[in-house]
Amino acid sequence: MTLDISSAPIASDTTDHAPPGPGTGARWAQDLSASLVVFLIAVPFSLGIALATGAPLTAGLAAAAVGGIVVGLFGGTPLQVSGPSAALTVITAGLIVQYGWRATCAITLAAGLLQLLLGARRVARTALAVSPAVVHGMLAGVGLTIAIAQLHGVLGGSPQSSAIANLIALPGQLAGPHPPALLVGTVTVAVLLGWPRLGRLPGRAGEFGARLAKVPGPLAAVATATALALALDLRLAHIGLPAWQPHALVPALPHGPLAGVLAAVLTVTAVASVESLLSAVAVDRMSRRTGDLDRELRGQGLANVVSGLVGGLPVAGGAVRSTANVRAGGQTRWASVLHGVWVLAAALALTGGLRRIPLAALAALVLVVGLQMVSFAHIRNVHRHREFPVYLTTMLGVVALGVLWGVALGAGTAVLLALYRLTRAHVDVLAGPDGSVTVQTHGPLTFTAVPRLSRALAGIPAHAEVTVVHDGSFLDHAAYETLHSWRTGRQGAGGRVSMVTRRRDDEVLDPDGTVRAGSSPGPHRCRAWTPWVGHHCIDQQEDPHGRLLDGVRVFQQHTAPLIRPELARLAREGQTPSQLFLTCADSRMVTSMITNSGPGDLFTVRNVGNLVPAPYEPGAADDSVAAAVQYAVEALEVRSITVCGHSGCGAMKALLDGVHERPGPPTALARWLRNGRGSLDRLRRAPAGFAARPVVDLVEQLCITNVVQQLDQLMANPAVERRVEEGTLRLVGMYFDFATAQAYVLDRAAGTFSPVEARVEAAPAGPTTGDTPERVNADGTAPVDGGEEGPQLAA
């Protein structure tokens with residue numbers, strides 16, 4: 001239902017925050033432009049990957065052409081661009097050494113057939129179950145292996161057969177480099193690293209540099225190095241492009257143990273599939289689309305079958321080419337197809353020019369690509385999730401033992417780490433000032449924690465009053481018997497023991513944080529999981545300041561000991577929030593509660609009406625919000641910004657009442673509300689709505705329309721606009737209805753707000769100390785689980 005506030009009919013226009021999509025002719029023009037940009041990146045990149053693997057250089061161009069055309073036509077992610085993969089470089093190089101080139105083509109063909117089978121079985125999303133630490137560790141190990149090998153090429157030598165051999169031979173290579181190759185390689189690296197920074201030069205030089213930087217960096221670097229080599233007439237090894245020979249394209253069966261060949265096929269299949277699917281997910285997020293991963297896997301398999309038949313390298317989806325396609329304005333799958341056509345044309349018609357490229361330039365290009373695969377952003381991410389041991393083990397295993405063994409070591413480390421966390425519990429004994437003792441357990445209590453738990457319980461003074469707080473999600477039989485036997489014995493000796501592990505109807509939390517049993521039920525009862533509703537149980541005439549201090553005392557007594565280690569870590573390392581959360585100052589809006597977030601997760605900005613002042617709004621602009629947004633986007637590098645409105649917003653009611661337009665000198669509130677005039681205008685033109693229910697009234701419709709409008713006004717901030725265009729920042733619209741405790745997230749494709757569904761989890765098995773086991777903090781509140789994974793904002 002749509003509520004009109006004018007006599008004219010109102011049409012909805014809330015499908016997205018981006019401009020409307022271009023027409024057919026404009027889409028073709030953008031696809032053509034994007035295909036040329038990706039083509040200019042793909043040619044030097046494909047040649048470099050082929051050089052690094054030891055395959056014929058035409059194999060790189062063949063894989064790029066096949067990947068662009070075949071996956072472009074049959075893949076499930078229209079804007080993904082496929083071709084030879086840097087992640088498969090080390091694997092392919094090893095296969096060529098072990099089996100030969102034609103047998104490697106047969107392995108590529110077999111891997112493609114296996115991908116087709118997996119895609120037909122619709123198991124694509126299973127590949128996404130691999131630990132991100134293993135995937136990023138594998139990519140980092142492959143990148144280091146590539147970089148170490150290609151450093152020999154930059155120095156004028158030839159790489160060895162393994163990373164260890166390359167490291168051993170590196171001192172000798174450094175002692176006697178080939179000066180022309182070193183010069184060309186150094187120039188290539190310098191251009192690659194400096195090219196994106198041309199637009200940052202001061203004055204007119206920056207304007208010219210920005211136009212020049214539109215040329216892809218890899219093409220500029222290779223072209224500059226080639227021109228330098230020709231101008232100085234340097235004696236260097238150049239690209240050798242063999243003529244296409246049909247008889248050499250026929251794959252040959254590998255010779256060797258069947259188990260080794262099967263392992264090779266499985267390795268190529270696994271790495272190519274995981275990289276392609278992860279890249280597809282990233283491209284879908286960047287382009288705000290939803291692809292078909294099973295179809296994408298079938299498209300990748302068909303491309304590998306064709307690539308193996310025509311003598312090409314293994315094909316996989318590539319983040320570099322796909323990102324370039326999206327940023328260059330690609331609209332449909334024809335951008336990828338056209339890029340493949342241009343690569344094929346270049347391989348057939350431009351062989352004379354390609355043969356002039358020095359091998360040292362391609363080696364330098366691939367060296368930089370390899371180093372960029374070691375992402376410090378990924379390292380910080382896995383460290384924050386306490387998975388750095390998995391990342392490091394995988395990376396070092398790939399470098400020292402190869403991809404297959406490195407991934408196996410990483411996966412094994414991930415399993416052991418998960419088992420350790422599942423069985424590792426912390427038991428803390430805290431003495432209170434009144435002689436009482438609190439025993440706090442963190443994590444699941446299993447038989448492995450029984451010795452530690454028994455020692456802690458045995459050390460408690462005989463006459464102390466004890467409270468045992470179990471915040472784990474699981475209690476096995478051994479731990480249960482230990483706690484039960486100890487409590488029975490202590491109570492039999494006259495001791496007092498409280499077990500805080502569940503919620504009961506007869507438990508009441510007093511304002512000082514203690515639990516009383518047997519309270520009579522009533523309309524203003526204090527529940528153990530919500531100490532903040534304790535104000536219902538207090539005389540309304542009580543001093544509010546005293547109530548505030550009571551709350552602080554409860555925090556210091558119960559909550560502070562629990563979160564002190566995490567806050568100490570944040571004090572040492574500084575804040576690294578992943579999200580900026582912009583919401584209203586309404587006292588009912590508790591951001592940490594509705595997002596399940598904890599300290600350090602959200603960078604929060606609150607104001608009346610969750611408004612983002614637009615710089616073009618006369619007499620109403622305010623720099624405080626813009627400054628906070630700029631700091632979050634540029635200094636903290638948040639990855640998403642959420643604008644969250646709520647039901648019954650007083651600011652929206654005031655806007656509808658015209659408070660901002662009343663005669664006389666404007667008050668501070670009236671001046672601030674002028675920032676909401678754009679929302680009023682949007683309400684008349686294109687009101688927002690819900691996907692599954694009608695709006696309640698005009699105020700609610702303005703509340704959700706205001707969220708859409710503020711997302712648009714965020715794009716007026718240059719820092720936000722730049723990050724969104726780069727695909728590194730996501731804007732999210734959210735609405736919270738107090739009456740139903742229901743959150744809604746803006747569905748950009750449909751242009752409506754959809755409810756966030758609750759996640760259903762299985763109850764833990766094993767004996768517990770009550771009929772309704774539940775995790776609670778020492779102060780009775782529900783635990784905050786967002787510390788590691790961050791707040792859950794996605795629908």
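In which sense do β13 and β14 pair, and over how many bridges? The points below take up this question first and then turn to the rest of the predicted model.

1. **Pairing of β13 and β14.** The two strands run antiparallel to each other and are joined over four bridges. Within this pair, Val 745 faces Ser 754, a residue of β14.

2. β13 and β14 belong to an open sheet of six strands, whose order is β10-β9-β11-β12-β13-β14 and whose pairing is mixed. The edge positions are taken by β10 and β14 (752-755); each has a single partner strand, so one side of each has no neighbour in the sheet. From one strand to the next, the twist averages 25 degrees.

3. **Positive phi at Ala 741.** Although Ala 741 is not a glycine, its phi is positive, at about 50 degrees. Ala 741 is placed in the loop that connects β12 (730-737) with β13 (742-747). Its relative accessibility is 56%, and it therefore counts as exposed, the cut-off being over 50%.

4. **Positive phi at Asn 596.** Asn 596 is likewise a residue other than glycine with a positive phi, here near 55 degrees. The loop that holds Asn 596 lies between α22 (591-594) and β10 (602-607). Asn 596 has a relative accessibility of 31% and so counts as partly exposed.

5. **The largest nonpolar core.** This core comprises 67 residues, and those with the most contacts inside it are Leu 47, Val 142, Leu 313, Val 343 and Val 403. Its main contributor is helix α2 (residues 57-74), which supplies nine residues.

6. Leaving aside residues up to four places away in sequence, Val 343 touches Phe 39, Ala 42, Val 43, Leu 61, Ala 64 and Ala 65. Another core, of 46 residues, lies apart from the largest one; Leu 611, Val 625, Ala 688 and Ala 719 are among its members.

Key. Residues numbered from 1 in each chain as written. Predicted model: local features only at pLDDT ≥ 70, side-chain atom pairs only at ≥ 80, totals over all residues. Heavy atoms only, no water. Core = buried A, V, L, I, M, F, W, Y, C linked by side-chain atoms within 4.5 Å. Buried < 20%, exposed > 50% of the residue type's maximum accessible area, 1.4 Å probe, protein only. Contact = heavy atoms within 4.5 Å. Pairing = 2+ DSSP bridges. Axes fitted to C-alpha atoms, helices over the stretch in contact; angles between N-to-C directions.
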